[in-house]
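User: I'm new to this one. Can you walk me through it, pocket to begin with, then strands?
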Amino acid sequence: MIDKIVKLDGDHSIIKVIVSTNAKKNEISGIDEWRNGLIVKIKEKPIHNKANTELIRFFSDFFGLRSDKVYLIKGEKNREKTLRI
């Protein structure tokens with residue numbers, strides 16, 4: 001299952017996430033087996049790109065990286081997103 005969610009691309013990892021916004025706290029809450037993605041709850045609302053910025057900040061903190069090392073490569077206006085780390 002995890003090989004459908006996280007893929008290697010050279011020195012990078014590609015991670016598919018399903019974002020739920022306006023949550024009480026930022027967290028990875030599970031796996032969506034139907035859509036093959038990590039379910040990630042984000043505190044921010046999806047207004048003015050705030051949720052995407054918070055998602056990138058969350059994953060950069062989670063992996064201990066600078067935020068410029070985490071890229072949103074697909075799904076800017078969607079709940080289903082693809083990150084390159």
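Analyst: The largest pocket has a volume of about 230 Å³. A pocket is an open set of points on a 1 Å grid over the protein atoms alone, where a 1.4 Å probe fits, with protein on both sides within 12 Å along at least five of seven lines. Volume is the space filled by probe spheres set on the points, which are joined across faces, edges and corners. This is a predicted model: local features need pLDDT of at least 70, side-chain atom pairs pLDDT 80 or more, and totals for chains, interfaces and linings use all residues. Residues are numbered from 1 along each chain as its sequence is written, and side-chain values use heavy atoms, without hydrogens and water.

User: Which residues lie nearest the centre of the largest pocket?
Analyst: Pro46, Asn52, Glu76, Lys77 and Lys81. The lining has 14 residues, each with an atom within 4 Å of a point.

User: Strands now. How many bridges join β1 to β2?
Analyst: Four, and the two run antiparallel. β1 is residues 6-9 and β2 is residues 12-20. Strands are DSSP runs (E, at least two residues), numbered from the N terminus. They pair if DSSP finds at least two bridges between them.

User: What is the bridge partner of Lys7 in β2?
Analyst: Ile14. Two residues sit between the strands of this hairpin, and Gly10 takes a positive phi near 65 degrees.

User: And β2 with β4, parallel or antiparallel?
Analyst: Parallel, over four bridges, with β4 at residues 37-41. Val19 has Val40 as its bridge partner there.

User: What stands opposite Ile18 in β6?
Analyst: Glu80. β6 (residues 80-84) runs antiparallel to β2, joined by five bridges.
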